[in-house]
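Please read the following report alongside the sequence and the model. It takes up selected side-chain pairs, the strand arrangement and some backbone details in turn.

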Amino acid sequence: MSLSYKITDWWSVELRGGTDTYTTNTVEKLYARGNVRPKGNYSEGIESFYENNYSFLTTLQKDNLISKLGGVITFGGNMMLQQRKKNENKYR
């Protein structure tokens, strides 16, 4: 999502925000045999992740400040928030 606003003909502000998210389900099967896992192994898991990103930018732009010389000043910042959850159940 993005919001832009031109305060004057030489000053503008832009705000942005977005979210990324995913969930992964896993199943692992290791059959009984051999020296590594003689009884076998079975596990189920779920991993959830989300990330929120926010940013802002302000721009000051003026042409012909001194004769034909102009200038641009920009200032901005961003913030990122992440969370990851992982659950796993192992059965032997």
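## Salt bridges

Arg16 is partly exposed, its relative accessible area being 48%, where buried stands for under 20% relative accessible area, exposed for over 50% and partly exposed for values in between, with a 1.4 Å probe and protein chains only. Its salt-bridge partner is Glu14, with the closest N and O atoms 3.5 Å apart, and Glu14 also counts as partly exposed, at 22% relative accessibility. A salt bridge here requires a side-chain nitrogen of Lys or Arg within 4 Å of a carboxyl oxygen of Asp or Glu. By way of background, side chains of opposite charge can pair when their charged atoms come close.

This is a predicted model, in which local features need pLDDT of at least 70 and side-chain atom pairs count only at pLDDT 80 or more, whereas totals for chains, interfaces and linings use all residues. Residues are numbered from 1 along each chain as its sequence is written, and side-chain values use heavy atoms, with hydrogens and water left out.

A search of the whole structure finds 2 salt bridges, and one of them joins the side chains of Glu47 and Arg84 at 3.0 Å, N to O. Glu47 belongs to strand 3 and Arg84 to strand 4, so this pair ties together parts that are 37 residues apart in sequence. Strands, like helices, are DSSP runs numbered from the N terminus, with at least two residues (E) for a strand and at least four (H or I) for a helix.

## Surroundings of Arg84

Arg84 sits in strand 4, which covers residues 69–91. When neighbours within four places in sequence are left aside, Arg84 is in contact with Tyr22, Glu47, Ser48 and Phe49, contact meaning heavy atoms within 4.5 Å. The side chain of Arg84 makes a polar contact of 3.4 Å with that of Tyr22 and another, of 3.0 Å, with the side chain of Glu47. A polar contact is a pair of N or O atoms within 3.5 Å; within protein, one atom must be able to donate a hydrogen and the other to accept it, and residues adjacent in sequence count only if both atoms are side-chain atoms.

Leu60, by contrast, is 24 residues from Arg84 in sequence and 39 Å from it in space, C-alpha to C-alpha.

The strands form an open sheet of 4 with the order 1-2-3-4 and antiparallel pairing, two strands being paired if DSSP finds at least two bridges between them. Strand 1 (2–6) and strand 4 stand at the edges with a single partner strand each, so one side of each is left without a neighbour in the sheet.

Strand 1 and strand 2 (residues 11–30) pair in the antiparallel sense over 5 bridges and form a hairpin with 4 residues between them; Tyr5 has Val13 in strand 2 as its bridge partner.

## Positive phi angles

Asn64, in strand 3 (residues 41–66), has a positive phi of about 55 degrees although it is not a glycine, and Asn64 is exposed, at a relative accessible area of 52%. Ser67 lies in the loop between strand 3 and strand 4; its phi is near 60 degrees, a positive value in a residue other than glycine, and Ser67 counts as exposed at 64% relative accessibility.
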